[in-house]
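Hi everyone, thanks for coming. Have a look at the model on the screen while I talk.

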Amino acid sequence: MTAIVNGWLTTAEQQVSPHYSTRAIETEVSLLVVHNISLPPGQFGGPYITDLFLGQLSPEADSFFAQIYKLRVSAHCLIRRDGHIVQYVSFGDNAWHAGVSSFNGKQQCNDFSIGIELEGTDDIPYEQAQYQQLAHLVRMLRQAYPKINLDSIVGHCDIAPVRKTDPGPAFDWSYFRQLLA
């Protein structure tokens with residue numbers, strides 16, 4: 001049975017990222033941000049997302065990687081196309097997923113949010129297994145962090161609208177919200 005123990009999802013593959021910061025004890029998690037990522041862009045599978053989040057991406061592996069291999073970024077979890085979940089950062093810590101961001105007038109969303117990446121792109125439909133796993137994970141996170149409500153489950157595009165477009169028009173928010181009901 002899946003549970004969250006000490007900030008870690010018991011059934012997830014764990015790949016501990018160095019790209020995080022300690023969450024202030026008094027901070028309540030009140031936001032969940034849905035992202036997408038594919039590396040190289042538009043390609044699925046392979047080790048490159050994990051390599052990026054672990055700070056081990058080789059610039060020689062793909063010409064695109066020369067632009068991003070020095071980034072210090074992470075997410076709490078990645079949900080792969082087949083529904084497999086990889087966790088990089090404890091839910092109790094700040095993953096570095098949001099960048100310059102704002103939600104309801106509060107800046108620096110990393111400080112009070114959980115970031116979930118879906119392996120995908122803005123314009124390629126997501127897989128049923130991803131929606132199912134995301135809904136299951138969100139239900140668990142809402143139990144552990146009751147300040148996360150349906151109105152505070154947003155896309156990266158909602159907290160950084162000038163910079164980001166993910167999870168994009170391919171993400172079916174209506175269907176996802178039905179799964180949460």
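This is a predicted model: local features need pLDDT of at least 70, side-chain atom pairs count only at pLDDT 80 or more; totals for chains, interfaces and linings use all residues.

I'll cover a pair of helices and then one serine.

Residues are numbered from 1 along each chain as its sequence is written, and side-chain values use heavy atoms, with hydrogens and water left out.

Helices here are DSSP runs of H or I with at least four residues, strands are E runs of at least two, and both are numbered from the N terminus. Helix 2 (residues 128–144) and helix 4 (residues 173–180) have axes that come within 9 Å and cross at roughly 50 degrees. That makes helix 2 oblique to helix 4, since oblique covers whatever is left after under 35 degrees (roughly parallel), over 145 (roughly antiparallel) and 65 to 115 (roughly perpendicular).

Who touches whom? From helix 2, Gln128, Tyr131, Gln132, Leu134, Ala135, Val138 and Arg139 meet Tyr175, Phe176, Leu179 and Leu180 of helix 4; contact means heavy atoms within 4.5 Å. Those residues split into eight nonpolar, two polar and one charged.

Now to Ser101, in the loop between strand 8 (93–95) and strand 9 (102–103). Is Ser101 buried or exposed? Ser101 counts as buried, because its relative accessibility is 6%, and buried means under 20% (exposed is over 50%, partly exposed in between, with a 1.4 Å probe and protein chains only). Its side chain reaches the backbone oxygen of Gly99 at 3.0 Å. Ser101 and Ile159 sit 58 residues apart in sequence, yet 5.1 Å apart in space, C-alpha to C-alpha.

Terms used: Axes are lines fitted to C-alpha atoms, for helices over the stretch in contact, and angles run from 0 to 180 degrees between N-to-C directions. Ala, Val, Leu, Ile, Met, Phe, Trp, Tyr, Cys and Pro count as nonpolar, Asp, Glu, Lys and Arg as charged, and the others, Gly among them, as polar. A polar contact is a pair of N or O atoms within 3.5 Å; within protein, one must be able to donate a hydrogen and the other to accept it, and residues adjacent in sequence count only if both atoms are side-chain atoms.
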